[in-house]
Each structure stands twice: as structure tokens, then as C-alpha cells.
Amino acid sequence: GGFRKKSEPTMGGGRLVVPLAPPQRRHRPSPWTRVSHRSSFLHLVALATLCASTLALCALLGTTSGPTRLGQRVVSARAGVGGSGAAVRAGYLEKLVDAAPSTVKVSPGSKFSVIIEPRVDSGREFLGRFLSENEDWVRNLLQSKGAVLIRGFDVPTAKDFNNVLPMQLGSDTKKGLLFDIIYKTIIASVFTLFRDLGNIDPGRRMDMGAGGRIQVLAPPSDCIQGPHQESLTLATRLSQRYIAFHCETQPQTRGETAIFDTHAAYEDLDDDLRRLLTTHCWNFRDVNGKPTNDLIPCVVAHDDHQKPCIQVYAFGEMGEMAAEVAREVLDRDNLQPDPYLYGVTSFTLRNKETGAEREMTMDERRRLMKALYKSSELCAWRKNDILLLDNVSVAHGRMDGRGPRKINFCGICDYLFDINKYPSVRDDSSVELTARA
């Protein structure tokens, strides 16, 4: 398959250590404090643009009909996870694969992913039509498997990637061109703000010539990103219900993207850690020690048969633990945590019912990261690959490597997305469901 299991050897057998220069910036508030007057002005401009765009989007959402989540009922979480629930999910997935269009081949990846390859036509025009004409099938497959690797098509550039990939996925979520324009404005504003504040790797940049939504990710080094869902610290995740990656230049050495099955990781947790996560929310703090705007549930019940899925953002303090665990689980002793903060240095856990806050112990952090890395795959990139991820059930993170790797990235939107409207998993093994009208 297109993915390599985490325990398999790399590059012909033995363990490969890639000695690279250590990062020059560690987890400290200094990127936020060392800001010039010119940068401060740019921040204000970017923030003003972001606020104006967000208000316009909210106004449109308030007057536009679309799918909503209404009403509540309680069912057993085990019904959607184990026993007959697992059989139902497996049967549903089998029907999805059987319903695959005859023009493509669908095969399993190394663990939980699935690979789509061409049978007849590998052209980018065909791929664009295929994704447009079969968007509901692709969306349902993505929600069931979490990761879909599209391989073997001729998609050589970021502009081609932008052109074949829909802005929105699913015929029931379409909102129109104006929403897409506002979304691109918001993405560019947020990116500018974070870049100037030193919160993201300077090797990451916007490619405005490729359609206004494509980002070029930073090149690999010994520093890895911990598992995270994109834009997780915001309840709306900037509308990025799904995300997509594209390999324009294949890495020279390693340079994989790790993907994490957060439902499988939840199932692997000890009971005490499950209870802790299902009863608490993440309360993140920025580099100045102030709480971010949104509380984020640690676990939600997913669209796919209400399977519990961990929500995680392993940067800052948690990123250090992620690198430590990755060295052990993946047997790569050169790994170092990402020195960039992406808006977060620390966090507390807030009880959903009482509002009481507590720290997460080092042992709890270690066990959480270990469950996630044990439930991971490594996507070994080939040129022209496109990887689609469900941004609720699957976390991701850049792995180590070297060479001129070029990976492009963008979000696929659901403009009504709000993680706090998702069903919450309760500690008595039941799920509070919010049905969609």
C-alpha cells in the first residue's frame, strides 16, 4: 500500500538517523514579545481583515438555510464502537467500497487508510470530474476510513492540486462562491497574523498564485509535529472539516506525514484515562498565559456511527511529550519537538459539569501520546500524491526527514462546522447525540 507501518524499517533496512542542526527557537514566549512596530501594524491590519471577514461570514450563515444539529438523545457508546456496532460499521464500509465507480481502483492501506488509483484515465481533468461527480461517495468513504490517499494521477503542481480539489465536499453542504472568497480571506489573514508573530515555522508559506487557499508546508528536519487536528483550538476550525495534502516534490529521506486514528487510540486507553477525557475539555493558553477563546472537548462522537474520537493538539508542552514518545514507539532517536507554538504553550483540563480545572499529569500525557502513536500510520510520499483526511477522526503531524520535500496543504470546508455541536461521549459509556435535521 501507500503507507508504511510505524514499526517497519526505512530505506532498506536498519535504523536511519538523520543528524540535522538543532532548532534555534524553543518553546518560549519570546516569538510573541520580539515584535517590531512594523509587525505590530501588520498584525492589526490582518486582525481587522479577519474580523471583518468573519462577521460577514456569520451574517451570511445566519440568513442561509442548511443542515443544522437539533434535539438530543442518549444512547450507549458501545453500540457504535464494539460488538454489533463494529459489525454495522464494517458492513457499511464494505458497501461503500463495492459502490466505488468502475473508473477507479480502491484498495486498503497499511492500517486504517484506503487508496484510490486510476483504472483507465490518470489525467488531472478526469480526477477533477471524478471528485466533483462522486463527492458524496468520497465524503462518506473519508468519514468511514478517516484517510484516503489518491495516488497515480497526474497532478504535478500546487495550481493543479487547487483545481482538482473541491472547496466543499458533499452536495448537502454547498454554500456558493461568496463563502469561498470569504474563507480564503480569513485563511490568508490568520496565516499572516501567525507568521508575523513567530508562531509558525517560517518555512511554511501561502502560495497565492495557486488559487488563494494553498499553503506550502515547511521542509522536514529532525523536529516533528505532535498529533493534532488542524486549527483545533478554534471550535469552527476555520471551517476545515476535511483537509488535503499534495506531494509536489518527493522527499529525499523520510519526510513522511504521520496520521493517527483517534478512535483506535481511544479504544486503546485505560479506563481511567477514558473517563478523564470524556468528562473534560481542553482549556488552551496562548504564549502570554491567557486562555484562548474556545473550550474544546477532549473526545467527541463522530458522524460515522458515533464512534468516540480523541481531539488533540500536541504543540508546546504536549509537543515535547509527543517527541519523547515518538522516539520510543517509532524507534527514531533523533526526533525533537517542533520549536514553533502554533498559538499554544500550555493547557489545563476543565470539567464539563463543575467547571473545575486540573493539570494533566505527565503519566497521563505519556499514555495518551503512546495510544496515539500506536494507532498511527506513516504516509511515505510519492510525487503527485493527494491525501485527504477527516479533520475530526484523524490527527496528523509532520515527521522527520531531509531534502527538498514540497508538500502543499489546504482545507475542504463545511461552513457550518462547530466541534462543540458534536455529540459528547460521557463517562458512563453513553453518547449524547445531537441529531441533524
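## Basis and terms

A residue is called buried here if its relative accessible area is under 20%, exposed if over 50%, and partly exposed in between, with a 1.4 Å probe and protein chains only. The model is predicted, so local features need pLDDT of at least 70 and side-chain atom pairs count only at pLDDT 80 or more, while totals for chains, interfaces and linings use all residues. Residues are numbered from 1 along each chain as its sequence is written, and side-chain values use heavy atoms, with hydrogens and water left out.

Helices (H or I, at least four residues) and strands (E, at least two) are DSSP runs, numbered from the N terminus. Contact means heavy atoms within 4.5 Å.

## Cysteines

The structure holds 0 disulfides, a disulfide being a pair of cysteine sulfur atoms within 2.5 Å. C379 is in no disulfide, and its nearest cysteine sulfur, that of C247, is 8.3 Å away. C379 counts as buried, at 0% relative accessibility. C223 is also buried, with a relative accessible area of 6%.

I116 has I150 of β5 as its bridge partner.

## Helices α4 and α5

Helix α4 covers residues 124-133, and its buried residues are F126, L127, G128, F130 and L131. These buried residues pack against β3 (104-108), α5 (135-145), β5 (147-150), α6 (158-164) and β20 (386-390). As background, an α-helix has 3.6 residues a turn, so residues three or four places apart point the same way.

The axes of α4 and α5 come within 5 Å and cross at roughly 80 degrees. The two helices are therefore roughly perpendicular; angles under 35 degrees count as roughly parallel, over 145 as roughly antiparallel, 65 to 115 as roughly perpendicular and the rest as oblique. On the α4 side the contact is made by F130, L131, S132 and E133, and on the α5 side by E135, W137 and V138. By class, this contact of α4 with α5 has 4 nonpolar, 1 polar and 2 charged residues. In this classification Ala, Val, Leu, Ile, Met, Phe, Trp, Tyr, Cys and Pro count as nonpolar, Asp, Glu, Lys and Arg as charged, and the others, Gly among them, as polar.

Strands β17 and β18 run antiparallel and are joined by 2 bridges. R350 stands opposite E357, a residue of β18.

The residues in contact are D272, L273, L276 and L277 of α9 and E364, R367 and L368 of α11. The contact of α9 with α11 has 4 nonpolar, no polar and 3 charged residues.

## Residues with positive phi

Most residues other than glycine have a negative phi, and most peptide bonds are trans. Y342 is not a glycine, yet its phi is positive, at about 50 degrees. Y342 is found in the loop between β16 (336-337) and β17 (346-351) and is buried, with a relative accessible area of 9%.

N384, also not a glycine, has a positive phi of about 80 degrees. N384 is in the loop between β19 (376-379) and β20, and at 14% relative accessibility N384 counts as buried. Not counting residues up to four places away in sequence, N384 touches I150, F153, D154, V155, P156, H246 and C247.

Terms used
Two strands pair if DSSP finds at least two bridges between them. Axes are lines fitted to C-alpha atoms, for helices over the stretch in contact, and angles run from 0 to 180 degrees between N-to-C directions.
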